[in-house]
Amino acid sequence: MEESSDEEQHFHMEQQTLHVPTPLIHSTKLSKKLHCNIYLKMENLQPSGSVKMRGVGNFCYKAVAQRGTNIHLVCGSGINTILAVVYSARQLGVSAIAVVPKTTPKSICDAIRLEGAQLVLYGDNWNSAESHARKLVKRNGIYVPSSDHPDIWQGHKTIIHELKSQLPDNPPTVVICPVGGGGLLNGVIEGLQEVGWKDVPVIAVETHGSNAFQASVVAGKIVSLQKISTIASSLAAKSVSSKALELSLAHPVVPFAVSDAMAADAVRLFADDNKMLVEAASGAGLSLCYTQIILDILPSLTQTSNVVVFVTGGSDISLDQLDEYRKKYYRPPVVVKSGGEVFLKMADKLTQLPQVDMDEAFGLSPDMLGELGDYNAKTPKSSSAKQKNDSDDVVMSEKEDEDIPPPAKTPTPSATQ
């Protein structure tokens, strides 16, 4: 195969993007359950497996456009960022160095090598890996950040412009967006502003043990978490981009946190419904719908309301992990934090709690769970009980079926292909 000239490569770069348009799927099951339209923006179908492809892909594209192909990309900023970097590097014809902790699963290491990148195993955690990766940036090297860069935000804006074409006459009532370092949130807010959806609120979802954005909004300044405790690795940022806090003052944003157990159980339910695996980070956003807590956040939702959930994807998930989630976190209590207030939902009633137990996946201590009598984490349900409970999620009376109309307008063909 003949090598293309620099001019041809540059033209190719200007004409295309590395991310792909993703489907916007109307979830019949969740829509019936919540009596409004639930749309799933399937970012798990990006080439690298997550929404990171949009922001990271744009960053890498611009780096090559500005400096040519005689560069190398370096990254140690988390599994999904790295997978987006090495995919981008191969597509752009540049070299890449990926630094990951020694504990990284073999399947992830194999995926990195498959893209032709140089893999470096270093340290026992991502802080060590990132620190070492930055030291490897020499002449012609460019470090690719996970979230805090304008080119990252610009890439993430595309999800909103794409959504605008998929729901041209039916703007979302609300969008649900998982938040880690804030790159996606920044792009989403800027995108909403650009397309004229300035009043569309964003529910920014984190887990209790990774709520850097929520803590910053409550404090009115950037807060760096002293400790991170979450199974949602893609949300495990000690602090959020300062731009995210700035934008939250100019756009309606609801900082919201859920338990690890809620996120994990939503991963299970999503897999059962859609036959796809996504990370707990995606589960955090999806849990608002599966637990129906979205109806408490927005009690004004009606049959014509459009709720869009960004299914951010992610590769930190496996069948073994899914099985573990099913065993450990089946139908957990609903423990959430809105702003600075903590609530437990039992039998459709919200009870305010003094605080969240950050060290517990359920958000509550075992003693507290026992006192509430609502959930016993140590007593697994029988298979027959689980099957009955699962069926309770989907069985509806004919009357309920009749009460739920189809979407106000079917998305354009690009949304459903």
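1. Helix 4 covers residues 79-92. Its buried residues are Ile79, Asn80, Thr81, Ile82, Leu83, Ala84, Val85, Val86, Tyr87, Ser88, Ala89 and Leu92. Buried means under 20% relative accessible area; exposed is over 50%, and partly exposed lies in between (1.4 Å probe, protein chains only). Because 12 of its 14 residues are buried, helix 4 is largely enclosed by the rest of the structure. Helices here are DSSP runs of H or I with at least four residues, strands are runs of E with at least two, and both are numbered from the N terminus.

2. A word on the source. This is a predicted model, in which local features need pLDDT of at least 70, side-chain atom pairs count only at pLDDT 80 or more, and totals for chains, interfaces and linings use all residues. Residues are numbered from 1 along each chain as its sequence is written, and side-chain values use heavy atoms, with hydrogens and water left out.

3. How far does helix 4 reach from its first C-alpha to its last? The span is 20 Å, close to the 20 Å expected at 1.5 Å a residue. The expected span is 1.5 Å times one less than the number of residues. Gly93 follows helix 4, with a positive phi near 75 degrees.

4. Nine strands form an open sheet in the order 1-2-10-7-8-9-11-12-13, and the pairing is mixed. Two strands pair if DSSP finds at least two bridges between them. Strand 1 (24-26) and strand 13 (349-353) are the edges, each pairing on one side only.

5. Look at strand 11 (residues 334-338). Strand 11 runs antiparallel to strand 12 (residues 341-346), with five bridges joining them. Strand 11 is also antiparallel to strand 9 (residues 253-258), with three bridges. Follow Val336: its bridge partner in strand 12 is Phe343, while Val336 is also the bridge partner of Val258. Lys337 has Val342 as its bridge partner in strand 12.

6. Strands 11 and 12 make a hairpin with two residues between the strands. There, Gly339 takes a positive phi near 60 degrees.

7. Which residues make the contact between helix 11 and helix 14? Helix 11 supplies Ala264, Val267, Arg268, Ala271 and Asp272, and helix 14 supplies Leu322, Tyr325 and Arg326. Contact means heavy atoms within 4.5 Å. These residues divide into five nonpolar, no polar and three charged. Ala, Val, Leu, Ile, Met, Phe, Trp, Tyr, Cys and Pro count as nonpolar, Asp, Glu, Lys and Arg as charged, and the others, Gly among them, as polar.
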